Amino acid sequence: MSAEPSHPVPLRASDADREAVVAELQDAAADGRIDLDELGARLEVALAARTHDELAPLTADLLPALAPAQPLLLKGGVAGAVREGAWRVPGQIKAYGGMGSVKIDFTRVECRLRVVEIEVDGQAGGVEIVVPDGWVVEVGELDPGLAGLRNRTTDRKLPGTPLIRLTGTCGMGGVTARHPKRGERRKLLRETG
């Protein structure tokens, strides 16, 4: 009989184990739970770790990210619907233009999500989406419907800003994605300055 070791043998970590810890650390940095210097130090250790015992302390002090908010449902109906001002952005939004249209304004929000999925149906009134400079709107999966899409946003994404991914159909009312107009920019400057 061979002698039992006096302490358990550390379990080897796989590439997938290291990648999972790296993803959790990146999420923690994106949420502001650790700063960039700490992220760099922890990533260095995570990528060099050979065992689970080396990986475990890197995330032990991190609370899990907030549970995702419920999807936001906006229906234009006859009078229309507007979501603007400061509001918590969920990962999923459903916008139905109805007869009166839907406007979603992201210019005053703080969003730490990497991707925001917006399912649109322009119906008769249409859907308008206003995003700050530096945010990118992805429209590859959007059906142009009868009225089509007017994407007036730039494709230059600033680091740390979310990607707005549109799916669904433009319907008869169409879908417009844009940055703030001149008057809206002046109003934002007055409010923040």
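Which residues in H1 meet His52, Leu55, Leu58 and Thr59 in H3? In this predicted model, local features need pLDDT of at least 70, side-chain atom pairs count only at pLDDT 80 or more, and totals for chains, interfaces and linings use all residues. Residues are numbered from 1 along each chain as its sequence is written, and side-chain values use heavy atoms, with hydrogens and water left out.

The H1 residues are Asp17, Arg18, Val21, Glu24 and Leu25, where contact means heavy atoms within 4.5 Å. By class, this contact comprises four nonpolar, two polar and three charged residues (Ala, Val, Leu, Ile, Met, Phe, Trp, Tyr, Cys and Pro count as nonpolar, Asp, Glu, Lys and Arg as charged, and the others, Gly among them, as polar). Helices are DSSP runs of H or I with at least four residues, numbered from the N terminus. The axes of H1 (residues 15-30) and H3 (residues 52-59) come within 10 Å and cross at roughly 10°; axes are lines fitted to C-alpha atoms over the stretch in contact, and angles run from 0 to 180 degrees between N-to-C directions. H1 and H3 are therefore roughly parallel to each other (angles under 35 degrees; over 145 counts as roughly antiparallel).

H1 also packs with H2 (residues 36-48), at an angle of about 175° and with the axes 9 Å apart. This pair is therefore roughly antiparallel. On the H1 side, Arg18, Val21, Val22, Leu25, Gln26 and Ala29 meet Leu39, Arg42, Leu43, Ala46 and Leu47 of H2. The contact of H1 with H2 has eight nonpolar, one polar and two charged residues.

How values were computed:
Helix = DSSP H or I, 4+ residues; strand = E, 2+ residues; numbered from the N terminus. Parallel < 35°, antiparallel > 145°, perpendicular 65-115°, else oblique.
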